[in-house]
Amino acid sequence: MQFFLDTADLGDIRWAARAGLIDGVTTNPTLVAKVAGDADPRDMLREICAVVDGPVSAEVVGVRTEDMYAEGRELAKVADNIVVKIPMIEDGVVAVRQLAAEGIRVNVTLCFSAAQCLIAAKAGAAYVSPFIGRLDDVGHEGMDVIREARVIFDNYEIETQILAASIRHPRHVTDAAMIGADVATMPTDVLKKLLLHPLTDRGLDQFLNDWAKVATRAKGNA
Ligand code: E4P
């Protein structure tokens with residue numbers, strides 16, 4: 001499974017990339033707005049793309065086919081590793097088809113059902129992004145969408161990658177991996193929670209303390 005970082009925060013992206021923890025990045029207008037300040041979003045994207053050795057999703061903000069198509073083409077020029085993010089709406093599906101026909105990779109975002117994932121895949125999406133956490137938030141079982149999409153894509157040998165999005169906690173990542181999602185995109189705090197465990201820290205402290213006692217005794221006997 002590939003790990004993507006779901007953020008536009010360059011500091012976090014640099015940290016995760018240097019540690020070799022991530023295979024790509026996803027952004028969205030909300031994530032960009034959180035950190036943009038006065039910066040030009042295109043410049044931010046350019047910097048992110050330079051840091052990340054892998055796909056970087058950048059979202060269009062138009063909602064009509066012609067706007068999404070034009071924006072998608074411009075975004076694709078920012079860097080070779082840009083993946084254009086298009087929302088799962090009817091006009092979006094048409095734009096996906098147009099962009100994909102030109103060889104531009106598209107991530108269809110805001111998917112909340114396996115049927116939406118299938119439609120996006122049929123249009124030529126490179127990735128579909130079911131939003132697990134937001135479904136859980138409204139009392140649904142978000143993971144079911146990943147499970148159903150996996151079966152459907154396998155049934156028809158669809159190569160579109162299932163990108164588990166809106167991840168809220170480490171269990172989401174583990175469950176999505178067990179079901180066979182191709183990618184999990186997660187916020188920095190979830191990535192850190194996956195990496196770290198308090199019992200690891202406690203165990204290491206104990207090992208080092210015990211070893212220090214041995215070393216002290218050995219010194220005393222010398
Ligand atoms: C995915 O690409 C989206 O950016 C993201 O996962 C949305 O997650 P949220 O529900 O935490 O906003």
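1. In which helix do Asp-154 and Arg-150 both lie, and how many residues apart are they? Both belong to helix H8 (residues 142-155), where they sit four residues apart, about one turn of the helix; helices here are DSSP runs of type H or I with at least four residues, strands are E runs of at least two, and both are numbered from the N terminus.

2. On the basis of the note: this is a predicted model, in which local features need pLDDT of at least 70 and side-chain atom pairs count only at pLDDT 80 or more, while totals for chains, interfaces and linings use all residues. Residues are numbered from 1 along each chain as its sequence is written, and side-chain values use heavy atoms, with hydrogens and water left out.

3. Asp-154 forms a salt bridge with Arg-150, with the closest N and O atoms 3.1 Å apart, a salt bridge being a side-chain nitrogen of Lys or Arg within 4 Å of a carboxyl oxygen of Asp or Glu. Asp-154 counts as partly exposed at 47% relative accessibility, whereas Arg-150 counts as buried at 12%; buried means under 20% relative accessible area, exposed over 50%, and partly exposed in between, with a 1.4 Å probe and protein chains only.

4. The structure holds 14 salt bridges, one of which joins Arg-168 to Asp-137 with the closest N and O atoms 2.6 Å apart. This pair links distant parts of the chain, since Arg-168 is in the loop between strand E7 (161-164) and helix H9 (170-179) and Asp-137 is in helix H7 (residues 132-137), 31 residues apart. Arg-168 is partly exposed at 37%, and Asp-137 is exposed at 54%.

5. Arg-168 is also among the residues around the ligand, which include Asp-6, Asn-28, Arg-134 and Ser-166; a residue is near the ligand if one of its heavy atoms lies within 4 Å of it. Polar side-chain atoms of Asn-28 and of Arg-134 each lie 2.7 Å from a ligand oxygen atom, and a polar backbone atom of Ser-166 is 2.7 Å from an oxygen atom of the ligand. Taken alone the ligand exposes 350 Å², of which the protein buries 86%, the areas coming from the Shrake-Rupley method with a 1.4 Å probe.

6. Asn-107, placed in strand E5 (residues 106-111), counts as buried at 0% relative accessibility. The side chain of Asn-107 makes a polar contact with the side chain of Ser-129 at 2.8 Å, where a polar contact is a pair of N or O atoms within 3.5 Å and, within protein, one must be able to donate a hydrogen and the other to accept it, residues adjacent in sequence counting only if both atoms are side-chain atoms.
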